[in-house]
Amino acid sequence: MTRPIAKSTRPGRPRGAGAAPPSGPAAGPAHFTHFDGSGQAHMVDVGAKPATQRLARAGGRIVMRPETLALVRDGTASKGDVLGVARVAAIQGAKRASDLIPLCHPIALTRVAVEFRLDPVASAVEIEVTAQTEGRTGVEMEALAAVGAGLLTVYDMCKAVDRGMRIDAIRLLEKRGGKSGAWRGE
């Protein structure tokens with residue numbers, strides 16, 4: 001049985017959201033930039049920001065049965081070259097991030113690099129994506145969308161033999177450029 005989604009008791013905010021999130025210069029260092037002063041979602045205005053070199057690296061993995069990993073490694077999966085197709089899907093995912101994520105700006109990517117690593121101990125395929133641009137907004141969402149698309153493609157191409165595969169650990173590894181500067185995950 002499905003239940004209807006609860007309607008917000010206050011316009012523009014989900015139930016229990018409390019006061020409007022802070023925004024603007026008085027908000028302090030931690031605030032959600034995709035909400036305006038009244039708590040409404042909006043696309044951030046990046047028009048006045050200077051264009052800078054931007055880079056983001058993201059990673060993730062898909063864990064599978066050892067037999068499935070052997071098919072990927074040997075290139076003998078029934079649908080063909082799993083990692084070759086997943087590489088193209090990851091690049092396409094980076095290019096389409098703004099189509100999937102509502103408040104993500106469409107940006108001109110200057111580079112998307114995709115690397116795979118097979119981990120026989122964890123029985124997993126790991127992916128790392130680097131996305132770059134020269135622009136007014138970062139490329140974190142593009143790198144993350146690419147990781148998701150690449151891993152989902154591995155799942156799609158191998159699901160006939162292993163429906164229990166698990167996608168996990170999708171995360172930002174590093175970002176450079178822009179006002180907030182460089183950040184590196186652990």
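Student: What pattern does the protein chain follow when it is read along the sequence?
Tutor: In this predicted model, the protein chain follows the pattern β-α-α-α-β-β-α-β-β, which is made up of four helices and five strands.

Student: What makes the five strands an open sheet, and in which order do they stand?
Tutor: The order is β2-β3-β1-β4-β5, with antiparallel pairing, and the sheet has edge strands, β2 and β5 (183-184), each of which pairs on one side only.

Student: How do you know that β1 and β3 count as paired?
Tutor: Two strands pair if there are at least two bridges between them, and β1 and β3 have twelve bridges, in the antiparallel sense; therefore they meet the criterion. Within this part of the sheet, arginine 54 stands opposite threonine 133 in β3.

Student: Which helices lie on these strands, and at what angles to β2?
Tutor: Helix α1 lies across β2 and β3 and runs at about 130° to β2, while α2 packs on the sheet, touching β2 and β3, with its direction at about 140° to that of β2. The buried residues of α1 are Thr68, Leu69, Ala70 and Val72, and what covers them includes α2, β2, β3 and α4. Just after α1, glycine 75 takes a positive phi of about 70°.

Student: Why is glutamate 126 called partly exposed?
Tutor: Its relative accessible area is 22%; buried would require a value under 20%, and exposed a value over 50%, so glutamate 126 falls in between and is called partly exposed. This residue is found in strand β3 (residues 124-135).

Student: What is glutamate 126 in contact with, if its neighbours within four places in sequence are left aside?
Tutor: Glutamate 126 is in contact with Gly60, Arg61, Glu115, Phe116, Arg117 and Asp119, each of which therefore has a heavy atom within 4.5 Å of it. As for valine 147, that residue is 21 residues from glutamate 126 in sequence, and the two are 9.5 Å apart in space, C-alpha to C-alpha.

Student: Which residues touch the most other members of the largest nonpolar core, and which elements give two or more residues to it?
Tutor: Of its 27 residues, Met64, Val82, Val125, Ile127 and Val154 touch the most other members. The elements giving two or more residues are β1 (52-63), α1 (66-74), α2 (82-95), β2 (111-119), β3 and α4 (140-158), with α4 giving the most, seven residues.

Student: How do the axes of α2 and α4 meet, and which residues make the contact?
Tutor: The axes come within 7 Å and cross at roughly 145°, and α2 passes α4 in a right-handed crossing. The contact includes Val82, Leu83, Ala86 and Ala90 of α2, together with Ala146, Ala149, Gly150 and Val154 of α4.

Student: What share of the protein chain counts as buried, and how much area does the chain expose?
Tutor: Of its 186 residues, 36% count as buried, while the chain exposes about 11,200 Å², of which carbon and sulfur atoms supply 57%.

Note on methods. Residues numbered from 1 in each chain as written. Predicted model: local features only at pLDDT ≥ 70, side-chain atom pairs only at ≥ 80, totals over all residues. Heavy atoms only, no water. Buried < 20%, exposed > 50% of the residue type's maximum accessible area, 1.4 Å probe, protein only. Core = buried A, V, L, I, M, F, W, Y, C linked by side-chain atoms within 4.5 Å. Axes fitted to C-alpha atoms, helices over the stretch in contact; angles between N-to-C directions. Areas by Shrake-Rupley, 256 points an atom, 1.4 Å probe, with all protein chains shown as cover. Left-handed = near helix turned anticlockwise from the far one by under 90°.
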